[in-house]
Amino acid sequence: MVLRGPAATLAGNPFEQPSRGCLVTHDDALVVIEDGIITAFGPHAELRDTLPGGVDIVHYPDHLLVPGFIDAHVHYPQMQMIGAFGAQLLEWLETYTFPAEMSFADAGHAQRVAQLFLRELLRAGTTTAMVYCTVHPHSVDAFFTEAARFDARMIAGKVLMDRNAPLGLLDTAQRGYDESLALIDRWHGRGRALYCVTPRFAPTSTEAQLDAAGALLKTRDGLFLQTHLCENPGEVEWVRELFPARSSYLDVYAHAGLMGPRSMFGHGVHLHEGDFCTCHQSGAALAHCPTSNLFLGSGLFRLFEAVDPRRPVKVGLGTDVGGGTSLSQLQTLNEAYKVAALTGHKLDAVQGFYLATLGGARALGLEDRLGRLAPGMEADICVLDPKATPLMAFRAGYCASIEEMLFLLMTLGDDRAVRATYVAGRCVYDRERTGDPFVPVLPREE
Ligand SMILES: [Zn+2]
C-alpha cells in the first residue's frame, strides 16, 4: 500500500541543531508500505516509477502526512474523571482518582473503558502510548487485548501500590511482583505489546515494593519503567518525610534500581540540576505533561533546561489524562508552547513536533522503529487536516511556509484536525468513513 500527499517528518533533534535543518518536508510525497513497515519515503516525482503496477495508492492532496503521535504518559482508567474540578495532586488523587480506579475491580468496566480509550487515542492521531492501568491485573489484559485489535504499538503495566491508598487498590510487594511477572509473561513482546513496570509513585509504595519493581526490570530484556516524579510541591515534601534517608525524590528511585534508558518519569516539574544530571547519565527520560501541570496547578516544567545540550535529558510529551485535559498531542503542544513562554522560551513548531514524534520515540528507546517517516520504520502514520475547521481553513490561507502550517496545527488543532490514522500500514481510523470510523484489524476475543 502507498500513501501520497504533502508530508513532514523530523530527521534530527531541533533542541541541539537549528530547527530548519531537522525537518524533512515534501509537497507531494509517497510513503511506500509493505507488511506494516515503510520501505520507501520521498518525493512522488522520484518514487512513482519504482512502484509496481496496480499498487493501491491512497491520495491525501490537501492534508499532511506525519508520523503517528507518541503519548509518553497517560492513565486510561482516568477517562471517567477527566476535567474534575478544584483540587491539586494529593487531594485530587483521594477525591477523584482512587474512586475511579476502584471501579476497575469490575473487569467488564475495564474492557469498556479500554475500548473507548483506544479509539480516542486513534482519533487524536496517537499510535503509541505509555499507559498506566490500575492495580488490577485484568485492567492490563483489557488494555492490551484492545490494543491488539488495532495492532497498535503500546506500552503499559499494572500499577503497584502497597500503602497510602484505599484498601481495594492495594497489593503487597510480593503480590505486585508476582502479578506483574505473570503479566510480563503474557504480554511483553506479544504482537506489538511491551510491558512497563509501573509503581504509581514513591508515596504509595514501600521501599520493599520499589525494590521489587527494580527486581522485575531484570527479569526480561526490554522492559520499561514508569512512575511519577516531582510533580507538585506538597508531594515532594511528603516524599522527603517518607524517605528521610534519601538525598532527593529521584534518589528514592535510583536507590531501588529504577533508573535506566527505558525509564520514564512523569512530570519532573520540581527537579534540580543534580537530578537532570542523574537522568542524563542513566539515560532516563522525562514526560512533559503541560495540560496536566497547568490544570492541577503543579508548576511549569523547565523544558529547555532539561534538554540543555551540555547534558541533555530525553523528553517525551505526555497528555497525562485525567490530570491532563486532552488526549490530543496537538492540544498538548498548544499548552507546551505557553509553558515554554512563561519560562522565557519559544517552542517552535519543529521542536513541538519533535517532542510528539521522534523525540518521544527516543525518550522510549524505540527510535529504531518509531517516530519518523523513513524506510525501516513501522508504518504508524497520522494524516492531518490543516483546514479542519472554518477558522483553521481561513487562517491556513495566510500561512507562508510548512513551519507556519505546523504551528497553526499545534495551536488551533485537536482531534478534529486528524483526518485518518494508520497503524502498521492499515487505516484503522478515518473521520470520513460512514458508520463506524474505526476499523479493528482483529476480531474481538470473546
Ligand atoms: Zn500521571
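The model I am reading is predicted.

I then recorded which residues form this second largest pocket. Its lining has 15 residues, and those closest to the pocket's centre are Asn13, Pro312, Val313, Lys314 and Val315. Two or more lining residues come from each of helix H9 (273-282), strand S14 (314-317) and helix H14 (358-363). By class, I listed 8 nonpolar, 4 polar and 3 charged residues in the lining of the second largest pocket.

I found 13 residues lining the largest pocket, with Val236, Arg240, Ser247, Ser248 and Tyr249 closest to its centre. Helix H7 (233-242) and helix H8 (249-255) are the elements that give two or more residues to this lining. The largest share, 3 residues, comes from H7. I divided the lining of the largest pocket into 6 nonpolar, 4 polar and 3 charged residues.

Last, I examined helix H13 (residues 349-356) and helix H16 (residues 402-412), whose axes come within 9 Å and cross at roughly 60 degrees. On the H13 side, I recorded Ala349, Val350, Gly352 and Phe353, which meet Glu403, Leu406, Phe407, Leu409 and Met410 in H16. The residues of this contact divide into 7 nonpolar, 1 polar and 1 charged.

Technical notes: Residues are numbered from 1 along each chain as its sequence is written. This is a predicted model: local features need pLDDT of at least 70, side-chain atom pairs count only at pLDDT 80 or more; totals for chains, interfaces and linings use all residues. Side-chain values use heavy atoms; hydrogens and water are left out. Axes are lines fitted to C-alpha atoms, for helices over the stretch in contact, and angles run from 0 to 180 degrees between N-to-C directions. Helices (H or I, at least four residues) and strands (E, at least two) are DSSP runs, numbered from the N terminus. Contact means heavy atoms within 4.5 Å. Ala, Val, Leu, Ile, Met, Phe, Trp, Tyr, Cys and Pro count as nonpolar, Asp, Glu, Lys and Arg as charged, and the others, Gly among them, as polar. On a 1 Å grid over the protein atoms alone, a cavity is a set of points where a 1.4 Å probe fits but cannot get out, and a pocket is an open set with protein on both sides within 12 Å along at least five of seven lines; lining residues have an atom within 4 Å of a point.
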